[in-house]
Amino acid sequence: MAIFVSPEEKLKQDKYISAVLSLVGGQGKKAFVYTLGCQQNEADSEKIMGLLLQMGYEKTDDEKEADILIVNTCAIREHAEKRALSIIGRFKHYKVARPDIVIGVCGCMTAQEHRANQLKHSYHYVDFTLGTGALHLLAELVLNALSKGKRRFLLDEETPKIAEGLLPVRESSFRAWVSIMYGCNNFCTYCIVPYVRGRERSRKMQDILDEIRELAKKGYREITLLGQNVNSYGKDLEDKPTIADLLNEIAKIEGDFIIHLMTSHPKDASREMIEAITKDKRTKSHFHLPLQSGSDAVLKRMNRHYDTQRYLDIIKELKSKNPDIVLTTDIIVGFPTETEEDFQKTLDIIKEVEFDTIYSFIYSPRKGTPAYSMEQISEDVKHERYERFCQVQNEIANKLNQKMQGKIYRVLVDGKSKGNEKMYTSRTEGNKIVHFECDTDHTGQFVNVKITRADTFNLFGEIIN
Ligand code: SAH
Ligand code: SF4
Ligand code: F3S
C-alpha cells in the first residue's frame with residue numbers, strides 16, 4: 001500500500017508553516033536552493049522552494065544574500081557526493097558572517113547513515129538534514145532552527161511518505177516535471193538509490209492526471225513523467241493501474257505538449273506500454289531505455305533481470321512502430337569483474353542499436369551496495385575503456401546527426417544561447433539539441449527548423465516559417 005501524508009500530519013505541518021511565516025514573513029528574507037543530481041531532485045527542489053515561499057521567504061538566485069540555504073544532494077557517484085560536501089563547505093562562510101542564517105541539507109546523500117553522521121559531527125553549522133521521503137516536514141525543521149532548537153538529523157523514516165498538495169515553484173514556464181512514483185525496488189547491485197529513496201510508492205492516477213491537466217491549461221509544452229522505474233507504476237496501488245493505463249488516460253488530455261518518460265526499466269517494458277507510447281504522437285518520438293552493459297554475464301551480476309536479447313527485442317518493437325524514434329540509454333563502464341570481452345560486447349551492442357545519445361558513466365563504488373564488495377577493476381583500465389567507449393559512440397552520434405541534415409523538425413525553443421544575441425537553443429521532439437539564428441524570440445514555443453549543419457554534439461538549423 002502506498003503511504004500518503006495523513007490529513008492530521010498535513011494540518012500539523014501547516015501550523016509550522018504559519019509559525020515560520022509569522023517569524024520571517026514580510027521582511028524580504030531570501031531563500032536559496034542548490035540542486036545536485038537527477039530530475040527527481042530538481043522536482044523536489046521546486047517543491048522545497050514552494051514550501052519556503054509559503055513560509056514567507058522570497059526566492060533568490062544569489063546564495064550570498066540568502067537567509068536560508070538548502071543543498072539538495074545526490075549520492076549516485078562519488079563525484080556527486082564530493083561536490084555536495086564542497087558546496088556545504090562553502091556555505092560555512094555565510095554562517096560565520098551571519099550566524100542567524102539557516103542551513104539545511106536534504107536529498108539522497110543525507111539518507112546514508114555515515115553521511116548523516118559526518119554532517120552532524122564535522123559540519124557544525126548545518127542546522128538540519130532531511131531525506132527525500134520527508135520533504136513535508138521542512139517547516140518543522142526550519143522553525144526549530146529559527147527558534148534555536150537542537151540540530152535535527154532526520155534519516156529517512158522507515159516508510160518515506162508521499163505528500164500531495166505541495167505547490168512547486170517551477171523553474172520553467174513551459175517544461176515541467178511530474179513525479180508519478182518515488183523510490184525503487186530493484187536493487188541493481190551498483191546503485192545506491194533504493195537505499196536512499198526507499199521502496200516504490202506510486203501517486204494515485206487521479207492526482208497525476210489533475211496535475212497534467214493543470215499544466216496543459218497553463219500552456220506547458222513539455223512534461224516529463226518521473227520515476228526510477230516508471231514501468232512498474234501502480235503495482236503498489238490498490239486498483240493496480242499500469243503505466244499503459246496511465247499513458248492511455250494522459251492521451252485523452254488535450255494540449256500541444258510532448259511527454260518524456262524518465263526512466264523505464266527494460267525488465268518491465270510491457271507490450272501494452274510500448275503500444276501506449278507509440279500510439280500517442282506526444283510520446284512516440286523519444287524513448288530512454290537504460291541498458292547498462294552489453295554483456296549478459298555483467299547484466300546478471302548487476303541484478304538487472306534481462307539479457308541483451310530481451311533488450312534488443314524491445315528496441316526492435318519500438319523501431320517497428322516508429323522507425324524515426326530517438327533512442328537514448330545509460331551505460332556503466334568498468335563494473336566490477338567486467339573483462340575486456342564483456343566490454344567488447346558493450347561496444348558491439350551500441351554499434352548495433354546506434355543510440356542517438358548515451359549517458360555513460362565510469363563505475364563508482366557505493367558503500368552499502370553489493371557491487372562495493374565485488375572484485376574491482378583498476379582505475380586505469382576503467383578510464384582507458386571509457387575513452388574507447390566515447391570514441392565509438394561519438395562516431396555513431398556524428399553519423400546519426402549528419403543524417404538529419406536537410407530535414408525539417410519541430411523544436412521547442414529553450415531560450416537564447418550564451419554569447420550570441422540572435423542564437424537560440426531548442427530541442428526536437430526526440431530531445432536532440434538544435435541551435436538556430438532568429439530575430440524573434442520564440443522561447444517556450446514550438447517552431448519548425450531545417451537542419452543545415454551537424455557535428456558530433458550539435459545540430460544547427462534555420463527557422464522555417
Ligand atoms: N532508475 C534509473 C537510473 C537512475 S541512476 C534506471 O534504472 O535506469 C542513473 C544512472 O546512473 C543509471 O542508469 C546508471 O547508469 C548510473 N549509475 C547508477 N549507479 C552508478 C554507480 N555506482 N556508478 C556509475 N554509474 C552509476
Ligand atoms: Fe538504481 Fe536500478 Fe533502481 Fe535504477 S532501477 S534506481 S539503476 S536500483
Ligand atoms: Fe542522485 Fe538521488 Fe537522483 S542519488 S541521481 S539525486 S535519485
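Helices are DSSP runs of H or I of at least four residues, numbered from the N terminus. In this predicted model, helix 1 spans residues 7–24 and includes Glu-9. Glu-9 has a relative accessibility of 18% and therefore counts as buried, the cut-off being under 20%. Leaving aside residues up to four places away in sequence, Glu-9 touches His-136 and Leu-137.

A helix pair was examined next. Helix 3 covers residues 78–97, and helix 4 covers residues 113–122. Their axes come within 13 Å and cross at roughly 15°. Helix 3 is therefore roughly parallel to helix 4, since angles under 35 degrees fall in that class. The crossing of the two helices is right-handed. Helix 3 contributes Glu-81, Leu-85 and Ile-88 to the contact. These residues meet Arg-115, Gln-118 and Leu-119 of helix 4. By class, the contact of helix 3 with helix 4 comprises three nonpolar residues, one polar residue and two charged residues.

The nonpolar cores were then considered. The largest nonpolar core holds 65 residues. Within this core, the residues that touch the most other members are Ile-180, Tyr-190, Ile-212, Leu-225, Ile-243 and Ile-350. For Ile-243, the residues touched are Ile-180, Val-230, Asn-231, Tyr-233, Leu-261 and Met-273, again not counting residues up to four places away in sequence. Another core, of 30 residues, lies apart from the largest one. Its members include Ala-139, Ala-145, Ala-163 and Leu-166.

Terms used: Residues numbered from 1 in each chain as written. Chains lettered and ligands numbered in written order. Predicted model: local features only at pLDDT ≥ 70, side-chain atom pairs only at ≥ 80, totals over all residues. Heavy atoms only, no water. Axes fitted to C-alpha atoms, helices over the stretch in contact; angles between N-to-C directions. Parallel < 35°, antiparallel > 145°, perpendicular 65-115°, else oblique. Left-handed = near helix turned anticlockwise from the far one by under 90°. Contact = heavy atoms within 4.5 Å. Nonpolar A, V, L, I, M, F, W, Y, C, P; charged D, E, K, R; others polar. Core = buried A, V, L, I, M, F, W, Y, C linked by side-chain atoms within 4.5 Å. Buried < 20%, exposed > 50% of the residue type's maximum accessible area, 1.4 Å probe, protein only.
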